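Hi everyone, thanks for coming.

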Amino acid sequence: MNNHDPQMRPVIRQLDEAAANRIAAGEVVERPASAVKELVENALDAGAARVDIAIAKGGKALIRVSDDGCGMAAQDLPLALARHATSKIDGSDLLDIRSFGFRGEALPSLGAVGRLSITSRAAGHDGAQIAVTGGRIGPVKPAAGNRGTMVELRDLFFATPARLKFLRSDRAETQAVAEAVRRLAMAEPYVGFTLTDEDEGRVLFRADAEQGELFGALQTRLARVMGRDFIDNALLIDATRDGITLTGFAALPTYSRGAAVAQHLYVNGRPVRDKLLTGALRAGYMDVLASGRHPAAVLFLTCDPHQVDVNVHPAKAEVRFREPGIARGLVVSALRHALAGAGHRASTTVAAAALGGGAS
Ligand SMILES: Nc1ncnc2c1ncn2[C@@H]1O[C@H](COP(=O)(O)OP(=O)(O)O)[C@@H](O)[C@H]1O
Ligand SMILES: [Mg+2]
């Protein structure tokens, strides 16, 4: 492994803040879509009712996220850019996390690898702006604006050219950004979202804020994001066991896909790609799906935050349940139960295809 001469003792040094932030950025921000995810999550944590996102060149040239949330006061701006500075936890209980963010890493990381500016105004305060480029933080300046925050990130990874080389085409990065926005929008039906491509001046995604009771709002939002077809062919899931609740929609077996592309799982509102849960999803459909077919479902697990550790993955995409068997059992049994009750229902798409010979 190492070919150091044992006589030559290597020097241990403390890396400077900029280097530490670039390293953290390597874990947290893989590509423009991860930056968008972090910024939109910050907007949601700030209680935004509306989040507008603009990108250029797949997010490589520009990512701008504007929200109407609580905003920040001028004196908070340098702190927001400091490592491990967060308003969301006090550090006393890492198993009591009720927000998307809690590590205070996203903004300093983004400021270390791109040109970041934050313009914000909190109620009762004057607006202010701060900029950071490749880790160098500028002064706080007065700025105009409505209540809320606008974060602009230009030239992502200009400070880390190696990472820049790994990015894919503008088109592929745009798609990944849109997917990240859709995933968050599915879980937040009461928040309005737009995603605009500034190169083409085109709105790529739009979902207006829903109103009314949760299931209705969720249903309308999912129809918007997943397509009307999905909702028309989906069963309502609503089950509770041992303090864990599973809600959402799971599609009929006849509406399955050739790949696992339409599976969206959330734990306490957070999108996750969790092996335990995807395995449970597959197991729930096992008796009704041919091999090679994949279920389509949007499922939300809700539990006391103490039942699940979200601090196990740099991008928080994975979680660890205190009692994995309960979570898995709930998913499997709720799906089986719903699917058994719907044995007679055929997918509208399949019925339409049988009549017209269209859908795939
Ligand atoms: N859109 C926003 N609106 C209001 N405050 C924000 C926003 N984005 C960031 N902040 C503030 O900056 C802090 C640091 O943000 P971030 O680096 O993403 O860390 P975290 O989200 O883990 O706290 C947040 O805790 C919050 O107080
Ligand atoms: Mg954050």
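Okay, one term before we start: when I say two residues touch, or are in contact, I mean heavy atoms within 4.5 Å. Also, this is a predicted model, where local features need pLDDT of at least 70, side-chain atom pairs count only at pLDDT 80 or more, and totals for chains, interfaces and linings use all residues. Residues are numbered from 1 along each chain as its sequence is written, chains are lettered from A and ligands numbered from 1 in the order they are written, and side-chain values use heavy atoms, with hydrogens and water left out.

Let's begin with Glu 152. You'll find Glu 152 in strand 7, residues 148-154; strands here are DSSP runs of E, at least two residues, and helices are runs of H or I, at least four, numbered from the N terminus. Is Glu 152 buried or exposed? Glu 152 counts as buried because its relative accessibility is 15%, and the cut-offs are under 20% for buried, over 50% for exposed and partly exposed in between, with a 1.4 Å probe and protein chains only. Leaving out residues up to four places away in sequence, Glu 152 touches Leu 62, Ile 63, Arg 64, Arg 115, Leu 116 and Ser 117. With Arg 64 there's a side-chain to side-chain polar contact at 2.8 Å. A polar contact is a pair of N or O atoms within 3.5 Å; within protein, one must be able to donate a hydrogen and the other to accept it, and residues adjacent in sequence count only if both atoms are side-chain atoms.

Next up, Lys 316. Lys 316 sits in the loop between strand 15 (308-309) and strand 16 (320-321), and it counts as buried because its relative accessibility is 6%. A polar atom of the Lys 316 side chain lies 3.3 Å from the backbone oxygen of Phe 100. Lys 316 and Arg 270 are 46 residues apart in sequence, but C-alpha to C-alpha they are 8.4 Å apart in space.

Now zoom out to the domains. The assignment, which is automatic or from a database, gives domain 1 (17-207) and domain 2 (226-356). Their centres, taken over C-alpha atoms, are 29 Å apart. How many residues are in contact? That's 20 residues of domain 1 with 24 residues of domain 2. Across this interface, 12 residue pairs are in polar contact, both at pLDDT 80 or more. On the domain 1 side, helix 6 gives the largest share, five residues.
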